[in-house]
Amino acid sequence: MLAIGKFHTSAHKRYVIRTMAFMIPYVLVNTGAIFGAFDDIRTPVAAWALALVVSAPVVGQIWATLALMAESDEFVRALVARQFIVASGVAMALFSVWGFGESYAHAPHLPGWLIYPLFWGVFGVVSPFIRSTR
Amino acid sequence: MKNRLKLLRVERGWTQEQMGQALGVSRQAVNALETEKHDPSLDLAYRIAAVFERPIEEIFENPHVR
């Protein structure tokens, strides 16, 4: 998630509320899954429904980030866009390297959903180094 | 882009927050403009010129003119 503590605009406050609204269900559903709440699901339809339910907050959180950019001034919009693009590129590169590692070097398999936390992890690492829109 | 924004702001006795309110941008945007971490759009440059009642060239140094 974004470094929200440094900003106090109304757009950032809305971003925090939206992020909490999406991430709390995300954590709850995944915690339930870890503790076996959905182990009885057998049919493919129900399994895909569960996958979509778990994924929905991820989509929502990305929307919240794009909404923040749309509702912010030009500096914040440009800065977040740069951070978003760099983090996306680095995360995709890292995951691609691992994917080819799986294909060619017998690296252990990692589930695709890890790209999302990986992206935000990379975002947190690169953001302090991207403070300019130039 | 080199500019005189901080000088003009201080002349008016404004904080970055107050200048941001006058321009309709965040304090972070004002800080980024003053520290040359953000080049303003043409729209924002004209807003700044209007707020300080000066031509853009008196506020921002034209990097293409020697």
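This is a predicted model: local features need pLDDT of at least 70, side-chain atom pairs count only at pLDDT 80 or more; totals for chains, interfaces and linings use all residues.
What covers the buried residues of H3(A)? Residues are numbered from 1 along each chain as its sequence is written, while chains are lettered from A and ligands numbered from 1 in the order in which they are written.

The cover includes helix H2 (44–71) and helix H4 (115–126) of chain A, together with helix H3 (27–34) of chain B; helices here are DSSP runs of H or I, at least four residues, numbered from the N terminus. Among the buried residues of H3(A) are A:Phe75, A:Leu79, A:Gln83 and A:Ala87, where buried means that 20 or more other C-beta atoms, placed from the backbone, lie within 10 Å of the residue's own.

As for its length, the 32 residues of H3(A), 74–105, should span 46 Å at 1.5 Å a residue, and the end C-alpha atoms are 45 Å apart, which agrees; the expected span is 1.5 Å times one less than the number of residues. After H3(A) comes A:His106, with a positive phi near 60 degrees.

Turning to the two chains, 10 residues of chain A are in contact with 10 residues of chain B, contact being C-beta atoms, placed from the backbone, within 7 Å. The predictor gives the complex an ipTM of 0.93 and a pTM of 0.87, and chain B averages a pLDDT of 96, with 100% of its residues scoring at least 70.

How values were computed
Helices (H or I, at least four residues) and strands (E, at least two) are DSSP runs, numbered from the N terminus. A residue is buried if 20 or more other C-beta atoms lie within 10 Å of its own, exposed if 12 or fewer, and partly exposed in between; C-beta atoms are placed from the backbone. pLDDT is the predictor's confidence in each residue, from 0 to 100.
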